[in-house]
Amino acid sequence: ASQGDKKDWVYDLEIALLRNEIDMAVHSGKDVPVDIESGTELTSVLQRENPLDVFVGKFDSKLQRRICFDEVPQGGIIGTASLRRRAFLLSLRSDLQIVDHRGNVTTRLKKLEESPDLHGIILACAGLKRLELTDLDYESFAPAQILPAVNQGTIAAQMRSESADIKELLSAIVDPPTQAMFLAERTCAIVLQGDCNSS
């Protein structure tokens, strides 16, 4: 049964942790819900990557480049599966049509190129950076335009609360400033009762 959008991403791994089938699960920080399974805990690892959201426009053969966000025509179609991104996009331009667009980064880019209707898609800059898609043209949204999701750009490691050896192992790759931001943002989401619909 579905646990809710974010929980679906991590639930099976959490159960595997609790059954001692795995020792650690690694997640995109923004995909971890506030209600993690009892008996597990989280830490962020590595330095935070760029947390901003970006627009990747359709390639225009006449322009010989991808279109910019400002070049999306009136009533243009933008792909995203995020309710947060949808709300911010419509606040920027109420004329836009926002359609459901899912999959990993490679799949989403392929769908953009193959779709006769899409004018562009919204992705996390961190994913593009980590995949080293250096030849891909995109433009970043300022936080005042589209506020990034909680913990976007972070990598989270989840382990059993009793696993002192795993905690010690992970401590060597924890970036203290990122860890402070990671915990602060999660605490804020918990206080505000954030869930899958808030990101």
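Select V54, V56, I77, V105, L109, L112, L118, I121, L123, C125, L128 and L136: these twelve residues form the largest nonpolar core, a core being a set of buried Ala, Val, Leu, Ile, Met, Phe, Trp, Tyr and Cys residues joined through side-chain atoms within 4.5 Å. Buried denotes under 20% relative accessible area, with a 1.4 Å probe and protein chains only. The model is predicted, so local features need pLDDT of at least 70 and side-chain atom pairs count only at pLDDT 80 or more, while totals for chains, interfaces and linings use all residues. Residues are numbered from 1 along each chain as its sequence is written, and side-chain values use heavy atoms, with hydrogens and water left out.

Next, colour β3 (53-57), α3 (105-114), β8 (120-124) and α4 (125-130), each of which supplies at least two residues of this core. Helices (H or I, at least four residues) and strands (E, at least two) are DSSP runs, numbered from the N terminus. The most is given by α3, with three residues.

Centre on C125; leaving aside neighbours within four places in sequence, C125 is in contact (heavy atoms within 4.5 Å) with N50, L52, V54 and Y138. A second, separate core has eleven residues, including F55, V72, L89 and F141.

Now display the sheet. Its five strands run in the order β7-β6-β8-β3-β9, in an open arrangement with mixed pairing; two strands pair if DSSP finds at least two bridges between them. At the edges, β7 (97-99) and β9 (139-140) each have a single partner strand, so one side of each is left without a neighbour in the sheet. Strand β6 (residues 77-79) pairs with β7 in the parallel sense over three bridges, and I78 stands opposite I98 in β7.

Finally, return to α3, which packs on the sheet and touches β3 and β8. The direction of α3 makes about 165° with that of β8, where axes are lines fitted to C-alpha atoms, for helices over the stretch in contact, and angles run from 0 to 180 degrees between N-to-C directions.

Terms used:
Buried means under 20% relative accessible area, exposed over 50%, partly exposed in between (1.4 Å probe, protein chains only).
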